[in-house]
Amino acid sequence: MEGSAHILVVDDHREIRDLLARYLAKHGFRVSSAETASRGRKLLEGSAIDLDVLDIMMPGEDGLSLCRHLRATSEVPVIMLTAMAEDTDRVIGLEMGADDYVVKPFNPRELVARVKAVLRRANSLPRRRRPGIDAEALRFDRWVLNVAQRELVGEDGVAIPLSTTEFLLLSALLSHPRMVLRRDQLLDLTRGRSASPFDRSIDNQVSRLRKKVEADPREPVLIKTVWGGCYMLTADVRRA
């Protein structure tokens, strides 16, 4: 049940932590809170957390670093708390895999609505199959994806750089090999809340990615189109 989900709030401001904890609990959520990223890591290791609310600006390790750690080690959804002037950090957070963001100052009702929406979206997505994108390198067909460098390496050893969009799309496919993914699921996996339900840009992204991974992009065999606006990676995936 959405209302019984366990939410972790990580923010160095006690007033914000206490406010969010009270408001989330009022709406039926179980809540844990931490004043630092290091304390948040300990709670994540010792508790079953369903969603994290992370402040970007904190002393010591910041929320972006903790978000990066979460994306490398788990599938727990993340909502970032950002200040109005932190446009760059907000974009970086989304590129790192944050599912949503809320700008300070915010209405607690808005945050609760975002929490519920992210949980619904996360629960509707297919669970990824190991090995996942937390590996340093993944091998599929004749390619190796170097995760840290975000580049493809072919059998000839030549590296092909990927744009952020191409990397996120390929990561989503590699995390769900031989699974049929709808267009809206791929949009959620790659772009989160910024995706429109009528967004067809995923088709263009698939087309660009095929030009890099397919022997013949006009006759794709690795990224197959499935009837109904869906796509599937046909290759097996393993750690390199």
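This is a predicted model: local features need pLDDT of at least 70, side-chain atom pairs count only at pLDDT 80 or more; totals for chains, interfaces and linings use all residues.
Reader: Thanks! What percentage of the 240 residues of the protein count as buried?

Author: Buried means under 20% relative accessible area, exposed over 50%, and partly exposed in between (1.4 Å probe, protein chains only). Here 47% of the 240 residues are buried.

Reader: How should I read the span of helix α5?

Author: The expected span of a helix is 1.5 Å times one less than its number of residues. For the 17 residues of α5 (residues 108-124) that gives 24 Å, and the end C-alpha atoms are 24 Å apart, which agrees.

Reader: And which residue caps the N-terminal end of α5?

Author: Asn 107 does, with a side-chain oxygen 2.8 Å from the backbone nitrogen of Arg 109. The general idea is a polar contact: a pair of N or O atoms within 3.5 Å; within protein, one must be able to donate a hydrogen and the other to accept it, and residues adjacent in sequence count only if both atoms are side-chain atoms. Another case is Gln 149, whose side chain makes a polar contact with the side chain of Asn 146 (2.9 Å). Gln 149 sits in the loop between β7 (143-146) and β8 (151-153), and at 49% relative accessibility it counts as partly exposed.

Reader: How do the axes of α6 and α8 cross?

Author: Axes are lines fitted to C-alpha atoms, for helices over the stretch in contact, and angles run from 0 to 180 degrees between N-to-C directions. Those of α6 (residues 164-174) and α8 (residues 201-213) come within 10 Å and cross at roughly 85°. The two helices are therefore roughly perpendicular (65 to 115 degrees).

Reader: Which residues of α6 and α8 meet there?

Author: With contact meaning heavy atoms within 4.5 Å, Thr 165, Glu 166, Leu 169, Leu 170 and Leu 173 in α6 meet Ile 202, Gln 205, Val 206, Arg 208, Leu 209 and Lys 212 in α8.

Reader: Is α6 enclosed or open, and why?

Author: Since 9 of its 11 residues are buried, α6 is largely enclosed by the rest of the structure. Among them are Phe 167, Leu 168 and Ala 172.

Note on methods
Residues are numbered from 1 along each chain as its sequence is written. Side-chain values use heavy atoms; hydrogens and water are left out. Helices (H or I, at least four residues) and strands (E, at least two) are DSSP runs, numbered from the N terminus. Angles under 35 degrees count as roughly parallel, over 145 as roughly antiparallel, 65 to 115 as roughly perpendicular and the rest as oblique.
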